[in-house]
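Trainee: Please take a close look at the aromatic rings in this structure. Which contacts do they make, and what do those contacts join?

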Amino acid sequence: MRSGVSTLCVALAAGLLAAGPAGAQTPKRGGTLTYLIPADAPPSFDGHRETTYATVHAAAPYYSVLIRVPPDNPASTTEFVCDLCTEMPKPTDGGKTYTFKIRQDVKFHDGTKLTAQDVATSWQYIVFPPKGVNSARVSFYEMIDKIEAPDDATVIFRLKRATTAFLPALADPYTWIYKKETLEKDPRWYEKNILGSGPFKFVSYEVGQSIKGVRNPDYYHKGLPYLDAIEGIFANKQSVRVEALRGDRAAIEFRGLPPSARDQLVKEAGKDIVVQDSDWNCGNILTPNSKKKPFDDVRVRRALALAIDQWGGAPALSKIAIVRSVGGIVFPGSPLAATKEELQQIAGFWPDMAKSRAEAKRLLKEAGAEGLKFELLNRSVDQPYKFVGTWAVAEWKKIGLNVEQKVVPTGPWFSNMRAGTFDVAMEANCQSVVNPVLDTGKYLPHTVFPDNYGGYDDPKVIELYEKMRTETDPKAQRVAMRAYEKYILDTKAYEIVLPYWYRIILARSYVKGWKVSPSHYLNQDLANVWLDK
């Protein structure tokens, strides 16, 4: 996995967005960070419910979590640090019990004290959501048996079994701690309201325009944050974001821009723009609606996969979009990821495209779906959704399909997927800490993983996943992962995994204290960011 400063900007290393105390530099206090959020608006502000960066980039600075990745090493998959706890605990009971001591100097932004009761209740709603409450990553926490708060300073997690997947799951950046009283009174209150205990206090939100916050003077990590204020500007068009960075109307965009924008801004602005880049634990997937004809027919779904030239398309797309690596359901470079040779045995990854498309046409004819017309539901975000969607439509045209893109804002995009009112959806599997065993839970049926929108209810998928998840021998687990992957992508063709993204972060050179990671969800509370001006 690659993560670091772009080779285009080695000469600018002195201006890198240094993490932590910025090496020999002393952080300066004050100022307002204006940053770009590449979306029209978040579907809601509830981190427990949502899976989109539009929510985490907008609201993460206002919340606290129990543990997190280190701000100065956000790419770590094994190192975690306390946020609300006092120290990382050593597990007891054979690795099945974790006892966290909670800080006693934390206040919610309304002035009330945050206690272990708030922490435990928030986690209970994440792990054991009541009926009618959506917890997007509930499958991540199936190893948890009980969550207890015996007093106001202690939270205990009791696991069903010891597992190395627990701490990475606990460090998920969406696991915001809510106020117990509010959560129990109205579990959906946080969808439209913000009340946390993070480094910044929420001030205002203008739909589709901006979200603003100010420094929390009672923040429990003493000396932080450095900034006086933050303002997130919603801008779903790439051209608007590039122009804002060029004109210094915004200082940074935390999701990622394509190589063309990087080259253009570095050429024009020189030392005033710095770049960080990284492989990305994220990629688009095409999801046919298996509850809707003719996509309930595996022959049609396989044909959709076989039509797409992954190996030829990825290099071409990488020049204009934030995509790069061909991969299966596991983040490329992980020990559990498929090799190129293994991928080439799966529909949609065949090396011979003439053979692949001939088979696609045969399957469509056999299914009575030649010349099929359908709609591709896509998100109104340029990078890379529209680019990848346009490519997929062009690939399908090569086997005689007539596909129209329906591009909608983020809110309706989620609503249509959740309601099942689509033919095929362009979505994404984006995760935080690289943890393949949990990351691949996205492909489980909706009954197990709420944010799976494929409409398939297949016990075999769950069986194969459970076999892989519970396997303790690394070699055997890799074999089990291949079986799970092949069943999802090839045997049943429930999903089509497209090239993984590549993260290129552009910022004005005065932005310091932030470091790139393989996820656009991590390191977004902005407490360590400061402005060198």
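Mentor: Start with a charge over a ring. Arginine 324 lies over the face of tyrosine 502, and the distance to the ring centre is 4.2 Å. Lysine 533 does likewise with tyrosine 510, at 4.1 Å from the ring centre. Keep in mind that this is a predicted model.

Now turn to rings that meet rings. Two values describe such a pair: the distance of the centres and the angle of the planes. The search of the whole structure finds 29 aromatic pairs. Take tyrosine 98 and phenylalanine 166. Their ring centres are 4.7 Å apart and their planes stand at 45°, so this pair is tilted. Planes under 30 degrees apart would count as stacked, and over 60 as edge-to-face. Where do the two residues sit? Tyrosine 98 belongs to strand β5, residues 97-101, and phenylalanine 166 to helix α3, residues 166-170. The pair therefore ties together parts that are 68 residues apart in sequence. Both tyrosine 98 and phenylalanine 166 are buried.

Next, phenylalanine 140 and phenylalanine 449. This pair is tilted, with 6.2 Å from centre to centre and 45° between the planes. Phenylalanine 140 is in the loop between α2 and β6, while phenylalanine 449 is in the loop between α13 and α14, so the pair ties together parts 309 residues apart in sequence. Phenylalanine 140 and phenylalanine 449 are both buried.

Ring pairs link Tyr98, Phe100, Trp123, Phe140, Tyr141, Phe157, Phe166 and Phe449 into a cluster.

How values were computed
Residues numbered from 1 in each chain as written. Predicted model: local features only at pLDDT ≥ 70, side-chain atom pairs only at ≥ 80, totals over all residues. Heavy atoms only, no water. Phe/Tyr/Trp six-rings, centres within 6.5 Å; stacked < 30°, edge-to-face > 60°. Helix = DSSP H or I, 4+ residues; strand = E, 2+ residues; numbered from the N terminus. Buried < 20%, exposed > 50% of the residue type's maximum accessible area, 1.4 Å probe, protein only. Lys NZ or Arg CZ within 6 Å of the ring centre and 35° of its normal.
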